[in-house]
Amino acid sequence: VVLLHGIASSSVTYENVIDDLTRAHRVVALDLLGFGRSSAPAGAQFTIDEHVEAVVTSIDRIGVPTPLTLVGHSLGALISIRLAAQYPRLVKHLVIVAPPVYLPSDTVLDPVERVRMDAYQKLYHFMRENPGFTRTAAQALERISPIRNLVDVREENWRAFSLSLERCIESQTTVTDLAQVRCPIDLIYGTLDPFLAPAGLRVIERMRGVATTRVEGVDHVIRPKLAEELVRIINNPSPPTAPIRLVSGPA
């Protein structure tokens with residue numbers, strides 16, 4: 001099982017998952033290019049294809065047997081989708097956790113959801129243009145995070161953060177990438193996740209081969225309840241034609 005984290009984070013994202021997974025699997029949690037303890041080459045442009053190639057190279061150097069189960073959270077979900085589409089022989093089960101799937105606003109019919117889609121783009125543009133604000137906000141989020149060092153935006157990784165945000169999340173091709181994936185796909189997310197656009201989620205939920213699990217009362221962080229469902233899905237992939245599964249949130 002290979003685990004890919006989201007933007008402004010690192011492999012600590014999966015703190016609540018790894019111990020349970022290692023009982024039955026060999027687990028590799030990677031730090032994405034430019035994040036955590038991974039290097040940030042001076043010439044890197046942090047496109048989604050560069051992230052994919054860095055993951056593929058790491059898998060090869062570590063000697064991870066393939067095909068494997070690939071799990072991606074947030075930005076890691078978008079990278080995982082592109083990897084599974086481009087390297088179908090490497091992935092036997094794709095698990096995407098809280099993917100930030102954004103559609104061009106002119107393709108969204110509902111006016112409220114259209115405004116919301118535009119708002120995400122404006123927010124991300126503002127974050128990239130105002131590094132001081134973004135780093136301060138990240139520090140505030142880190143102070144209340146249930147996982148230590150979960151949110152990490154510093155001067156040292158600013159280029160990786162800002163370019164990954166612009167070139168992987170804002171300028172994404174996730175829906176067309178997902179349509180090319182051949183292996184079984186599990187989608188899991190919390191119903192209180194503020195980074196997810198309902199219009200984008202509905203599109204991928206209706207795609208062939210995608211099974212969805214919604215966890216009530218859970219946000220973007222992989223807290224224990226979401227972690228429990230994630231481990232269950234990794235151990236027992238959902239049938240591609242399974243109905244949407246709704247899991248009650250924390251009591």
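A residue counts as buried when its relative accessible area is under 20%, as exposed when over 50%, and as partly exposed in between, using a 1.4 Å probe and protein chains only. By that rule S9 is buried, with a relative accessible area of 5%. Welcome to this predicted model, in which local features need pLDDT of at least 70, side-chain atom pairs count only at pLDDT 80 or more, and totals for chains, interfaces and linings use all residues. Residues are numbered from 1 along each chain as its sequence is written, and side-chain values use heavy atoms, with hydrogens and water left out.

Helices (H or I, at least four residues) and strands (E, at least two) are DSSP runs, numbered from the N terminus.

**Helices α4 and α6**

- Helix α4 covers residues 111-129 and helix α6 covers residues 158-170; their axes are 10 Å apart and the packing angle is about 160 degrees. Axes here are lines fitted to C-alpha atoms, for helices over the stretch in contact, and angles run from 0 to 180 degrees between N-to-C directions.
- That angle makes α4 roughly antiparallel to α6. The wording follows set cut-offs: under 35 degrees is roughly parallel, over 145 roughly antiparallel, 65 to 115 roughly perpendicular, and the rest oblique.
- The crossing of α4 past α6 is left-handed, a label used if the near helix is turned anticlockwise from the far one by less than a right angle (right-handed if clockwise).
- Which residues meet here? From α4 come Q121, Y124, H125, M127 and R128, and from α6 come W158, F161, S162, L165, E166, I169 and E170. Contact means heavy atoms within 4.5 Å.
- The residues of this contact between α4 and α6 divide into 6 nonpolar, 3 polar and 3 charged. In this sorting, Ala, Val, Leu, Ile, Met, Phe, Trp, Tyr, Cys and Pro count as nonpolar, Asp, Glu, Lys and Arg as charged, and the others, Gly among them, as polar.

**Helices α2 and α3**

- The axes of α2 and helix α3 (residues 75-86) cross at roughly 70 degrees and come within 9 Å.
- This makes α2 roughly perpendicular to α3.
- On the α2 side the contact is made by I48, D49, H51, V52, E53, V55 and V56, and on the α3 side by L78, I79, R82, L83 and Q86.
- The contact of α2 with α3 holds 7 nonpolar, 2 polar and 3 charged residues.

- Which side chain makes a polar contact with the side chain of S9? The partner is the side chain of T13, at 2.9 Å. A polar contact is a pair of N or O atoms within 3.5 Å; within protein, one must be able to donate a hydrogen and the other to accept it, and residues adjacent in sequence count only if both atoms are side-chain atoms.
- A polar atom of the S9 side chain also lies 2.6 Å from the backbone oxygen of L150.
- Setting aside neighbours within four places in sequence, S9 is in contact with F35, G36 and L150.
- S11 is also in the loop between β1 and α1, and it counts as buried at 19% relative accessibility.
- With neighbours within four places in sequence left aside, S11 is in contact with H5, A29, L30 and D31.

**Backbone points to look for**

- Most residues other than glycine have a negative phi, and most peptide bonds are trans.
- F46 is not a glycine, yet has a positive phi of about 55 degrees. F46 sits in the loop between β2 (28-30) and α2, and is buried at 1% relative accessibility.
- A98, likewise a residue other than glycine, has a positive phi near 50 degrees. A98 is in the loop between β4 (91-97) and α4, and is buried with a relative accessible area of 1%.
- A cis peptide bond, with omega about 0 degrees, joins T66 and P67. P67 has its place in the loop between α2 (48-62) and β3 (68-73).

- Is P65 buried or exposed? At 55% relative accessibility, P65 counts as exposed; its place is in the loop between α2 and β3.
- P65 and R26 are 39 residues apart along the chain, and their C-alpha atoms are separated by 9.6 Å.
- V181 is in the loop between α7 (174-178) and β5 (185-190), and counts as buried at 5% relative accessibility.
- Not counting residues up to four places away in sequence, V181 touches I81, A84, A85 and L94.
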